[in-house]
Amino acid sequence: MTAMEVKPTVKQLHDCLNLKVYGILGLLSLTTSDFIVLVTGRESHGHILGHQVFRATDFKVLPLAASLVDQHPVESHLLALVRAHLFGGTFWFSYTWDLTRRLQEQRLTRDQNAGKAIWETADGRFFWNRFLQSRFIDITNSSPSQDLSRFILPVMYGTFAICDTSIKGHPFQFGLISRRSRYRAGTRYFTRGIDEEGHVANFNETEQIVIFNDLSGLNHGRTASVMSFVQTRGSVPVFWAEVNNLRYKPDLQIMDFRDTVVALRLHLHNQILNYGSQHIVNLINQMGYERPVKDAFERYINEANLPKVQYDYFDFHRECKNMRWDRINLLINRIKDDLIEKGYFCDDLSSTEPSHLQSGVVRTNCMDNLDRTNVVQSALAKWTLTQQLKAVAVLQESEDVDNFDGFMNKFRNMWADHADSISRAYSGTGALKTDFTRTGKRTNKGLLQDGINSVMRYLKNNYFDGTRQDAFDVFTGAWVPRRAPGLARSLLFDSRPLHVRSVSFHMEPGFNLTKSADYSLVYYFAIWICLILLSLTYIFAHGVDYVSWPRLNPPLEAIYYTGPGFRSGRRGLWRLSTRSFNDTQRRAKSRLEEVEMGSEKKRVD
């Protein structure tokens, strides 16, 4: 750390002396200075196997060197992105337990990892602040005499919930953890599909946990029996995108690249290495807007022809129409034999070996991997929980967890909260269909809330998600700034042509009308309304120009793609030609090279 010269101001020194710090997220280099990111607030959310788990609630981002950070607009903009990301996410940590790894993985590697720091064994996919901690890790690995392990705190982005409950007088702890991957991280419409390294958008691992006689509870000292069931979700693993254009449904773009099968195989190979055999459940509609994604997925997965991969299609909306959510049992009955074969993890902590291992997972997806996926995953988790409780004689063979209202109230609310959190991270709003998850039935109030959330998703995804995506890219290292703040001012200014920016101002004169106007109000309003209609027509005809796109890693390839594949339309791209596409790419490339504001990084290790 000697290479970093710390020159705090008097105010910063005073603030630091009065600052309570609960952890260091790491170091972040921006355009003028290095910053240290601190956890300064936390709240306990319970214990798991005797280990306390915290949620980070407050943060400080402090410069390591005296600079004109506060006065520099580019640095202020990037800092605002970082702070928005910190306070807009849900980050979890434990000082004594590895939240990034599922129980089975920790149990199987317990002996070989004995004595290692948590960061050394953490799952790199779910070590959310791995990029920020890279300098601490590099120093520790390169110089054994400078062991900074005590400053390296792995943080997980996702959900954590655990509660005490009971069924038929048998007390146990019930928990749910979701872990969001830092690879290909981002927002709903700006991060879709797969990348060249096999990472998919919105990838989450979900682990449902049951603990009997938890070592932290009243039965301290007694043997703890632990069970877990793991599922995953992730975007359809082909190259595809949805191009925002201010319409409610964006243009669907599927890009048939030569290496699509290679990327798909890489993704599924990594899934098999991490979890064992894969049972893919695809919930995308087989008709209408979504069908091309389904067809592309099935075409490429057949071409990949991988062993240990089983594919099942379930048209969720068709099978469960008219609020017939009970028909999810059709899917469960279809894959029940494979669920039994893959099993679940079960371990008596006093024994030398686990009694059961989960040999594979169900990988579920819909278009967003949110609403339909949540409903199906919770149904699979409930079915598996019933089998687990029967195995330990809590339930009789004829009984089902659905028969116990007190427990099911906790189960449903935990899964609904889990669904809302994953949805807010990706789409900006809570999940749809959570009334069914919470109550077991669809309600009119739930339908109304779904309508409100759908409208909010439209507004956020079109007008606000650009900066959210930029924040993901800065924090995870997908975009790395260079030390050229004066050249990065394009981040702060609207680079669109003047005539594009000025259209919205055509609607302003009507607001400036005063009572002293001596001309006809009828004519005035007629002209004003015509201007509004013409402006709106122009805006929607050129909708792509009015979307809040990311500025750091704009998805130009998807927007202006003209190669083989499928596109549902080119709305919002007025009279697009090959020449305009080439000109746009050339201008974008030239702008990035000239301003030297940063560099894109495909993968952060």
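**Note on the packing of helices and strands**

1. The open sheet. Three strands form an open sheet in the order S9-S10-S16, and their pairing is antiparallel. This is a predicted model. Strand S9 (240-243) and strand S16 (565-567) are the edge strands, each with a single partner strand, so one side of each has no neighbour in the sheet. Neighbouring strands here are turned by 15° against each other on average, direction ignored.

2. The S10-S16 pairing. Strand S10 (residues 251-255) runs antiparallel to S16, and three bridges join the two. Where does Met255 find its bridge partner in S16? The partner is Gly565.

3. H7 lies across S9, S10 and S16. Its direction is about 15° to that of S10.

4. H7 in a β-α-β unit. Helix H7 (residues 291-304) also belongs to a β-α-β unit, together with S11 and S12. The unit is right-handed. Strand S11 (residues 277-282) pairs with strand S12 (residues 309-313) in the parallel sense, over five bridges. Within that pairing, Val281 has Asp312 of S12 as its bridge partner.

5. H6 against H7. Helix H6 (residues 260-275) packs on H7 at an angle of about 75°, and the axes are 9 Å apart. H6 is therefore roughly perpendicular to H7. On the H6 side, the contact residues are Thr260, Val261, Leu264, Arg265 and Leu268. They meet Tyr300, Ile301, Glu303 and Ala304 of H7. By class, the contact of H6 with H7 has six nonpolar, one polar and two charged residues.

6. H2 against H14. Helix H2 (residues 73-88) and helix H14 (residues 465-476) have axes that come within 8 Å and cross at roughly 90°. H2 is therefore roughly perpendicular to H14. H2 makes the contact through Leu78, Leu81, Val82, His85 and Leu86. H14 supplies Thr467, Asp470, Ala471, Phe472, Val474 and Phe475. The class count for the contact of H2 with H14 is eight nonpolar, two polar and one charged.

7. H10 against H11. At what angle do these two helices pack? Helix H10 (residues 371-391) and helix H11 (residues 405-427) pack at about 145°, with axes 11 Å apart. The crossing of H10 past H11 is right-handed. From H10, the contact takes in Asn374, Gln377, Ser378, Ala381, Lys382 and Leu385. From H11 come Phe407, Met408, Phe411, Trp415 and Ala419. Seven nonpolar, three polar and one charged residues make up the contact of H10 with H11.

8. Points to check on screen. For H7, look at how the helix lies across S9, S10 and S16, then at its place in the right-handed β-α-β unit with S11 and S12. For the helix pairs, view H6 with H7 at about 75°, H2 with H14 at roughly 90° and H10 with H11 at about 145°.

How values were computed:
Residues numbered from 1 in each chain as written. Predicted model: local features only at pLDDT ≥ 70, side-chain atom pairs only at ≥ 80, totals over all residues. Heavy atoms only, no water. Axes fitted to C-alpha atoms, helices over the stretch in contact; angles between N-to-C directions. Helix = DSSP H or I, 4+ residues; strand = E, 2+ residues; numbered from the N terminus. Left-handed = near helix turned anticlockwise from the far one by under 90°. Contact = heavy atoms within 4.5 Å. Nonpolar A, V, L, I, M, F, W, Y, C, P; charged D, E, K, R; others polar. Pairing = 2+ DSSP bridges. Right-handed = clockwise from strand over helix to strand, strands pointing away. Parallel < 35°, antiparallel > 145°, perpendicular 65-115°, else oblique.
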